[in-house]
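Please keep the sequence and the structure in view while reading.

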Amino acid sequence: ATLVIRSGGESDPARLPGLAGLVAQMLKEGTTKRSSAEIAEQIEFLGADLWASSDEENTYVGVRALAEHFDVVLAILAEVAGTPAFSNKELEKLKRRELDRLALSEREPRYIARRTFYRQLYGKHPYGTVDTTPQAVKRVRRQDMLRWHREHFVGKNSFLVVAGDID
């Protein structure tokens, strides 16, 4: 099952490019009910998979499991998508990882070429921004994530795709 939110990088605030992607990464880092370790432990116990990602147009939260565990993993998906904690502790860890990733990316010719190509192709359009920036990562706050989530993770802006041997 994959929950598709019809908002991605194109809906990032101008001063926080990459916010949708950061929100997606934070979804698995705990909810208001459970820590990331508790969620990961239950997913692993079920032999399931939980993931979240974002692209220019959409944000995705998905689960994959045996049909016999579908109700349980769907409840986990709902909890992760609906009640993320966005804890400051986890956000600080994410910021450090993202700053390291960006520093490494700046050394990769493909990354530099892609970023430059899209900036030239789209200009100041949101599609012209390929990734977040170190400045945006440092600037993002928990309140920014909560606001973006509250505005975009709504029923009229989402749909659920389900496939498998289930009713």
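Phenylalanine 117 belongs to helix 5, which covers residues 109-122. Helices (H or I, at least four residues) and strands (E, at least two) are DSSP runs, numbered from the N terminus. The model is predicted, so local features need pLDDT of at least 70 and side-chain atom pairs count only at pLDDT 80 or more, while totals for chains, interfaces and linings use all residues. Residues are numbered from 1 along each chain as its sequence is written, and side-chain values use heavy atoms, with hydrogens and water left out.

## Surface

Together with Leu121 and Tyr122, Phe117 forms a nonpolar patch on the surface, and the three share about 310 Å² of accessible area. Patches consist of residues with over 30% relative accessible area and no salt bridge; like charges are joined within 9 Å, and nonpolar side chains (Val, Leu, Ile, Met, Phe, Trp, Tyr) within 5 Å. Accessible areas come from the Shrake-Rupley method with a 1.4 Å probe, and for residues only the protein chains shown count as cover.

Aspartate 165 is located in the segment after strand 4 (158-161). Is this residue buried or exposed? Aspartate 165 counts as exposed because its relative accessibility is 73%. The terms are set as follows: buried means under 20% relative accessible area, exposed over 50%, and partly exposed in between (1.4 Å probe, protein chains only). The C-alpha atom of aspartate 165 is separated by 31 Å from that of glycine 21, and the two residues are 144 residues apart along the chain.

## Interior

The largest nonpolar core has 30 residues, and those with the most contacts inside it are Leu50, Val61 and Met145. Strand 1 (2-5), helix 1, helix 2, strand 3 (59-64), helix 3 (70-82), helix 4 (88-105) and helix 7 (142-152) each supply at least two residues of this core. A nonpolar core is a set of buried Ala, Val, Leu, Ile, Met, Phe, Trp, Tyr and Cys residues joined through side-chain atoms within 4.5 Å.

Beyond residues up to four places away in sequence, valine 61 touches a number of others, including Leu3, Leu27, Leu50, Trp51, Leu77 and Phe153. Such a contact means heavy atoms within 4.5 Å.

Helix 3 has 13 residues and reaches 18 Å from its first C-alpha to its last, close to the 18 Å expected at 1.5 Å a residue. The expected span is 1.5 Å times one less than the number of residues in the helix. Its buried residues are Phe70, Val73, Ile76, Leu77, Glu79, Val80 and Ala81. Among the elements that cover these buried residues are strand 1, helix 1, helix 2, strand 2 (49-54), strand 3 and helix 7.

Glycine 30 sits in the loop between helix 1 (19-27) and helix 2 (36-45). It counts as buried because its relative accessibility is 2%. Leaving aside residues up to four places away in sequence, glycine 30 touches Ser35, Ser36, Ile39, Pro84 and Ala85.

Phenylalanine 86 lies in the loop between helix 3 and helix 4. With 1% relative accessibility, phenylalanine 86 counts as buried. Its phi is near 50°, a positive value in a residue other than glycine. Most residues other than glycine have a negative phi.

## Charged pairs

Side chains of opposite charge can pair when their charged atoms come close. How many salt bridges does a search of the whole structure find? The search finds 10 salt bridges, each defined as a side-chain nitrogen of Lys or Arg within 4 Å of a carboxyl oxygen of Asp or Glu.

| Lys or Arg | Asp or Glu | N to O distance |
|---|---|---|
| Arginine 114 | Glutamate 56 | 3.9 Å |
| Lysine 93 | Glutamate 90 | 3.5 Å |
| Arginine 115 | Glutamate 106 | 2.4 Å |

Arginine 114 is partly exposed at 38% relative accessible area, and glutamate 56 is partly exposed at 33%.

Lysine 93 and glutamate 90, by contrast, both lie in helix 4, three residues apart, about one turn of the helix. Lysine 93 is partly exposed at 30%, whereas glutamate 90 is buried at 13%. Glutamate 90 also touches Met26, Glu29 and Ser36, not counting residues up to four places away in sequence.

Finally, Glu98, Arg101 and Asp131 are linked in a network of salt bridges.
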